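Here is a short briefing to read beside the sequence and the 3D view. Keep both open as you go.

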Amino acid sequence: LGSVLLKGSVAAVRGGVHVAPVLHVESLDDDRHFNQVVDYAEHYKQVAGIGVLATVMTPRSPMVLRRLEAKRFDPSEYLRRIRRLAECAEIGLHSHFVRRFEGSSVWPMHAAYFDRDETAAQLRLETDWLEQNGFFSETDRVYSGGWWFSNHQIRSQLKEMGYAFDFTLSTNRFNATPYARRYRS
């Protein structure tokens, strides 16, 4: 990464380049998922000497909030789990933007349909939550978008909010979006 903007182990580039996984962490309310992601992060740090980057969905995400309410899962426990993960990983934001919910179906925002105001409001809510809980500062904000969805407007919003890195884009044929295709070599 080569950045002093990241606050800890992921940025520990000394005499070379380190490769660190970027995890999309979505279901910390699921005990099995929580235990597996913490075990992986601890093991990776032990073996590689650096931490993974765990981009997390917060309780301010409409998808997470809906799931927590349905399961009657305490948001303060979700916060505790992110704190536990932060002991062995760098924390970033992972957001999924949703048009609407219909029963158990989720209608995602994507390149063909998105709402700039809604994405900005959600990014602000989740960024503020991470900052208020000590995971972010003005200089160490990292993002990875859900469903690999990005576009010029979201990147502009991230820049306005002080994000240093965006790990959303993928040129993998299964994850590539029209916006990401322009970055293919």
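At 5% relative accessibility, F136 counts as buried, because buried means under 20%. The model is predicted.

**Aromatic rings**

- How many aromatic pairs are there? The count comes to seven aromatic pairs.
- In one of them, the rings of F73 and Y78 have their centres 6.5 Å apart. Their planes stand at 85°, so the pair is edge-to-face.
- Both F73 and Y78 are buried.
- F136 and Y163 also form an edge-to-face pair. Their centres are 5.7 Å apart, with 85° between the planes.
- The pair of F136 and Y163 links distant parts of the chain, 27 residues apart. F136 sits in the loop between α4 (116–132) and β6 (141–145), while Y163 belongs to strand β7 (residues 163–166).
- Is Y163 buried or exposed? Y163 has a relative accessible area of 10%, so it is buried.
- Ring pairs join F136, Y143 and Y163 in a cluster.
- A charged residue meets a ring too: R81 lies over the face of F34, 4.7 Å from the ring centre.

**The whole chain**

- The protein chain has six helices and seven strands.
- Along the sequence, their pattern is β-α-β-α-α-β-β-β-α-β-α-β-α.
- Of the 185 residues in the protein chain, 43% are buried.
- Residues 24 or more positions apart account for 68% of them.
- The protein chain exposes about 9800 Å². Carbon and sulfur atoms supply 50% of that area.

**Strands**

- Seven of the seven residues of strand β3 (residues 89–95) are buried, so the rest of the structure largely encloses this strand.
- Strand β2 (residues 52–56) pairs with β3 in the parallel sense, over five bridges. A54 has I91 in β3 as its bridge partner.
- β3 also runs parallel to β6, and three bridges join them. Which residue is the bridge partner of H94 in β6? The partner of H94 is S144.
- β4 and β5 pair in the antiparallel sense over four bridges. R100 stands opposite W107 in β5.
- The hairpin of β4 and β5 has two residues between the strands. In this hairpin, G103 takes a positive phi near 60°.

**Helix α2 and residue M63**

- Helix α2 covers residues 62–71, and M63 lies in it.
- M63 has 17% relative accessibility, so it counts as buried.
- M63, V64 and L68 are buried in α2. Seen down the helix axis, the buried residues of α2 fall within an arc of 125°, so they line one face of the helix.
- What lies on the other side of α2? There, E69 and A70 are exposed.
- The buried residues of α2 pack against α3 (75–86), β4 (98–102) and β5 (105–108).
- Leaving out residues up to four places away in sequence, M63 touches M57, H96, V98, F101, V106 and W147.
- M63 and H96 are 33 residues apart in sequence. In space, the distance from C-alpha to C-alpha is 7.5 Å.
- Just after α2, R72 takes a positive phi of about 55°.

**Helix α5**

- Which residues of α5 are buried? In helix α5 (residues 152–160), the buried residues are I154, Q157 and L158.
- These residues cover an arc of only 100° around the axis, which puts them on the same side of α5.
- The face turned away from the buried side of α5 carries the exposed residues H152, K159 and E160.
- The buried residues of α5 pack against α4, β6 and β7.

Notes
Residues are numbered from 1 along each chain as its sequence is written. This is a predicted model: local features need pLDDT of at least 70, side-chain atom pairs count only at pLDDT 80 or more; totals for chains, interfaces and linings use all residues. Side-chain values use heavy atoms; hydrogens and water are left out. Buried means under 20% relative accessible area, exposed over 50%, partly exposed in between (1.4 Å probe, protein chains only). Contact means heavy atoms within 4.5 Å. Rings of Phe, Tyr and Trp (its six-membered ring) pair if their centres lie within 6.5 Å; planes under 30 degrees apart count as stacked, over 60 as edge-to-face and the rest as tilted. A charge sits over a ring if NZ of Lys or CZ of Arg is within 6 Å of the ring centre and within 35 degrees of the ring normal. The arc is that of the directions from the helix axis to the C-beta atoms. Accessible areas come from the Shrake-Rupley method with a 1.4 Å probe; for residues, only the protein chains shown count as cover. Two strands pair if DSSP finds at least two bridges between them.
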